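Please examine the sequence and the structure shown below.

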Amino acid sequence: MIEGQVKRIAGPIIRVVGISGVGLFDVVEVGEKHIIGEVVRIEGSEAVIQVYEDDTGLKIGAAASSTGRPLSVRLGPGLIGTIYDGIQRPLDFLYKQSGAFMDPGSRGEPLDTERLWTFIPDPELAEKIAAGTQVALRPGAVLGTIQETNSITCKIMVPPDFRGGNLMELAPQGEYTCDGVIGRTDQGEDLPLAHWWPVRIPRPAAERLIPDQPLITGERVIDVFFPLSKGGTAAIPGGFGTGKTMTQHAIAKWCDADVIIYIGCGERGNEMTDVLTEFPHLIDPRSGRSLMERTILIANTSNMPVAAREVSIYTGITLAEFYRDMGYHVAIMADSTSRWAEALRELSGRMEEMPAEEGFPAYLPTRLAEFYERAGRVRTLSGTEGSISIIGAVSPPGGDFSEPVTQHTKRFIRCFWALDRDLANARHYPAISWLDSYSEYAEEVKSWWERVNPAWALVRQQALDLLKKEQHLAEIVRLIGPDALPDDQRLILLTADILKDGFLQQNSFDLVDMYCVPTKQVRLLELIMEFHERAQVCIKLGAPLIKITSLKGGRASLSIREQLSRLKSTIKNEEITRFGEFEGQMRGALEALERMYRAREVL
């Protein structure tokens, strides 16, 4: 331990003297309660420390000691289903220890050190060791497995910082705690079930791969219009009440990632309470079991120490890299990066640094880049494929997308889901603006979607173009009214309304519509755009728009237009063949109208 004394206190920023020899980002314990902090600056014999706990009552002259290692998280079986704070303290344990309000200096083991796990050694490796053969180990090599939950198998691997050596001993199948040693090298190095890793250092991978596989969320406006790749980065900016948190909740429940990590970074306590109480009761649609069997929650609410908010996203991304290295696809929900940036601003001000735009520190873009660049689809050290997809919510004050956090975030992400207050006020959810949003992954995932339906790229572009035309016409309508427009332009307004109601809007309380499989998504859009094209032909032949809107297909009492708007809720994911029945009825009605006006044209 390197000892020192507190010289100055400015909120969570503490200056300590007499602690020379300490390293940057080393963990420090301050005062009688051993409050946890981190060295963020060294000035001669003084160290500047930011503490991650409430330091009320701390006095000048109090002792401070360095642990000699950087802030790290413990990685091993038992992470899944746990609720942590920003520095990986288990909140369930701390609640039992100190009640609803944590006492400064409260401690709790990141992993349950008393729980026994059934370790199953790798059969090939065990056979070689039993035969007396020395096996050369490399970082990422799989020693065995543990069934962490019914949904997740935890691979016990050689840590990435392994210095090399031959495996001499491998533990047999049996029950072990996280502290248990399951391997030993000829260099005398023990290989335990769990290991530590610094949160600010990215875990290495063998190769970065092209993110050409979409992360399917079940939300049509995202998957079809603005897709996100596995290993991609996305931002959801929007003002208060536009649905950022609810959109992330829906993605967390329905996306096809193997592991979900939800980081509540500086959000209001009631929002995190909803997450903490609802997630354990949510059913994973893929396994039929609790969603918590593949979820880790990190809660750092707005009333918790601001410095821990700053480190919480690093904790989350490090946990994600651990499961990525096993070959899993991980999705991170960071809610919200604006609150994290505000923590940076407050800490920067207390350290008397020169502020940049709107008071944020000059290194804000660098910190954002460090976070988002740890996403990606990779070939792991063990030779498998894994990915980390980051979805960060941004809360610009007043919904102003020109503020620094939103603008800098756009530099490092490739998918932008802009939430619109007018849509939210109109109860159109998800309130993702089709005019302000974009995705740069559309071209990369094109081949995947065309295997689902070859028409994906064409109908997607046609629909986006039509919505842009509708926006231009809407401005004219506000001035002169819709009746002044010719029928071909009124058809654009009509089809845009069908797109909004029957495709873009999605009801999370509708058992049929809450999740939409890829095949259904493209078929819905394909039918709407086919209706538009055939209706255009009829209008050019002289058919009035009222004739088209009143057309009925088959024996249905509703018009084709109304049926198109309701298909999302009337046809289930497993009933895709029913789209063909409706398509035949729609074509029949429109072709009959077309033939009638072609005959009139001949006469």
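Predicted model: local features only at pLDDT ≥ 70, side-chain atom pairs only at ≥ 80, totals over all residues.

Residues are numbered from 1 along each chain as its sequence is written, and side-chain values use heavy atoms, with hydrogens and water left out.

Side chains of opposite charge can pair when their charged atoms come close. A salt bridge is defined here as a side-chain nitrogen of Lys or Arg within 4 Å of a carboxyl oxygen of Asp or Glu. The structure contains 38 salt bridges. One of them joins the side chains of Arg-200 and Glu-38, with 2.9 Å from N to O. This pair links distant parts of the chain, 162 residues apart: Arg-200 lies in the loop between β17 (195–198) and β18 (207–209), and Glu-38 lies in strand β4 (residues 35–43). Helices (H or I, at least four residues) and strands (E, at least two) are DSSP runs, numbered from the N terminus.

How accessible are these two partners? A residue is buried when its relative accessible area is under 20%, exposed when it is over 50%, and partly exposed in between (1.4 Å probe, protein chains only). Arg-200 counts as partly exposed because its relative accessibility is 22%, whereas Glu-38, at 1%, counts as buried.

A second salt bridge connects Arg-534 with Glu-530, whose closest N and O atoms are 3.1 Å apart. Because these residues stand four residues apart in helix α14 (residues 518–540), about one helical turn separates them. Arg-534 is partly exposed at 23% relative accessibility, and Glu-530 is buried at 11%.

In a further salt bridge, the closest N and O atoms of Glu-575 and Arg-578 are 2.9 Å apart. Glu-575 has a relative accessibility of 25% and is therefore partly exposed; Arg-578, at 34%, is also partly exposed. Elsewhere, salt bridges with shared partners join Arg-523, Glu-526, Glu-530, Arg-534, Glu-583, Arg-587 and Glu-591 into one network.

Attention now turns to helix α5 (residues 269–278), where Glu-271, Met-272 and Val-275 are buried. Viewed down the axis of α5, its buried residues fall within an arc of 95°, so they line one face of the helix. The arc is taken from the directions from the helix axis to the C-beta atoms. An α-helix has 3.6 residues a turn, so residues three or four places apart point the same way. Against which elements do the buried residues of α5 pack? They pack against α4 (244–254), β20 (259–265), β21 (295–300) and β22 (329–335), where contact means heavy atoms within 4.5 Å.
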